[in-house]
Amino acid sequence: MDPAVSAKLEQGWSALSSSDSKSLLKKYLTKEVFDATKNRKTCFGSTLLDCVQSGFENHDSGVGIYAPDADAYTVFAPIFDPIIEDYHKGFTATDKHPQKDWGDVNTLGDLDPEGKYIISTRVRCGRSLEGYPFNPLLTEQQYKEMEDKVSSTLKVLSGELKGEFYPLTGMSKDVQQKLIDDHFLFKEGDRFLQAANASRFWPTGRGIFHNENKTFLVWCNEEDHLRLISMQQGGNLGEVYKRLVTAVNEVEKNLPFSHHDRLGFLTFCPTNLGTTIRASVHIQLPKLAADKSKLEEVAGKYNLQVRGTRGEHTDAEGGVYDISNKRRMGLTEYQAVKEMNDGIKELIKIEESL
């Protein structure tokens, strides 16, 4: 182990362990776990420091750990496993994530046919390309190589999915503004991602694809190698889900994804493993949301997560909340989306009874 890396690890660990951090990293990186993992390396050459540097730097992290490559989940299992179990509520070190199963896409429909509550619906998943490390270890050349592979795969999509790929490198101001106006353009990573070394060589290798109707979107090398997103106005979850399933199946024909027998699909952040599915609505529930803690309590009963309008760490603008499924592991893709479907129906029922 490089002495400089060892020194940073020791220093970071002692600062975190004596802090009042509430992160899952602090909770589970005991002296015993730290000593057992501090000298290990993955087959891609990443160290414990690559995993924990963001949590060491940001004591206000909720989780505080990222995987620098697919192998890290195995090599650093003594720290990843308890964090995964805690975050994914009981997915233990001996549990096995089920095989991929999109279910019968025709059984989901419109959650809000009268358009009274739901402004828009979105289902997205994360994917990593097999054979490449995750952000902290990617070279500039690998970023470019991945962008080429992804853009050439997306450019041949047809029918409703047909669209255009916009590289961030050399993007004109007009295109940039148009993508910002559509709320499509992602920005350089926040401080948690920056500290995890996830924003190197920006904007090399990054890009955005969207279809002609702007209902299917792919982010290339933002936080994960790929984020595939299906979305539209209103509450028709059935249409949104079906489009995502079609798209993921098409893309997978040309790009093999990183998958783990026990953990399912692998991505950069341990909060997003297994199905990696996040199905969400932008919804207004004025009576229920008059008391945000009440809204969160009710949503929690249905395994739903409440965020602000623009996602994590944001406020609800005009009373619009982003509500999504919380569970991504230990259940199938279809079950994860169905959980959101059933929970939102219940929230609407409660809103109407108040």
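These legends describe close-up views of a predicted model. Local features need pLDDT of at least 70, side-chain atom pairs count only at pLDDT 80 or more, and totals for chains, interfaces and linings use all residues. Residues are numbered from 1 along each chain as its sequence is written, and side-chain values use heavy atoms, with hydrogens and water left out.

**View 1. The eight-stranded open sheet.** The strand order is E2-E3-E4-E5-E1-E8-E10-E9, and the pairing is antiparallel. Strands are DSSP runs of E with at least two residues, helices are runs of H or I with at least four, and both are numbered from the N terminus. Two strands pair if DSSP finds at least two bridges between them. Strand E2 (163–167) and strand E9 (304–307) form the edges, each pairing on one side only. Neighbouring strands are turned by 20° against each other on average, direction ignored. Axes here are lines fitted to C-alpha atoms, for helices over the stretch in contact, and angles run from 0 to 180 degrees between N-to-C directions.

**View 2. Strand E8 and its two partners.** Five of the seven residues of strand E8 (residues 278–284) are buried. Buried means under 20% relative accessible area, exposed over 50%, and partly exposed in between (1.4 Å probe, protein chains only). Strand E1 (residues 118–127) runs antiparallel to E8, joined by six bridges. In this pair, Ser120 stands opposite His282. Strand E10 (residues 320–325) is also antiparallel to E8, with five bridges. Here Ile283 faces Tyr321 as its opposite residue.

**View 3. The E4–E5 pair.** Strand E4 (residues 216–220) and strand E5 (residues 226–233) are antiparallel and share five bridges. Trp219 has Arg227 of E5 as its bridge partner.

View 4. Asn236 sits in the loop between E5 and H10. This residue counts as buried because its relative accessibility is 18%. The Asn236 side chain reaches the backbone nitrogen of Gly238 at 3.3 Å. Beyond residues up to four places away in sequence, Asn236 touches Gly109, Asp110 and Thr121. Contact means heavy atoms within 4.5 Å.

**View 5. The largest nonpolar core.** A nonpolar core is a set of buried Ala, Val, Leu, Ile, Met, Phe, Trp, Tyr and Cys residues joined through side-chain atoms within 4.5 Å. The largest one has 57 residues, and Ile323 and Ile344 touch the most other members. Helix H10 (residues 237–252) gives the largest share, eight residues. Another core, of 40 residues, lies apart and includes Val5, Val52, Phe192 and Leu193. Which residues surround Ile344, leaving aside neighbours within four places in sequence? Ile344 is in contact with Leu111, Ile118, Val281, Ile283, Leu304 and Ile323.

View 6. An unreviewed UniProt entry annotates residues 6–89 as "domain: Phosphagen kinase N-terminal". Such positions are given in the numbering used here, feature names are shortened, and annotations may be inferred rather than shown by experiment. Residues 6–89 are 58% helix and 0% strand, with the end C-alpha atoms 32 Å apart. Asn39 lies in the loop between helix H3 (31–37) and helix H4 (48–57). Asn39 counts as exposed because its relative accessibility is 54%. The C-alpha atoms of Asn39 and Glu351 are separated by 54 Å, with the two residues 312 apart along the chain.

View 7. Gly170 is found in the loop between E2 and helix H8 (173–181). At 76% relative accessibility, Gly170 counts as exposed.

Technical notes: A polar contact is a pair of N or O atoms within 3.5 Å; within protein, one must be able to donate a hydrogen and the other to accept it, and residues adjacent in sequence count only if both atoms are side-chain atoms.
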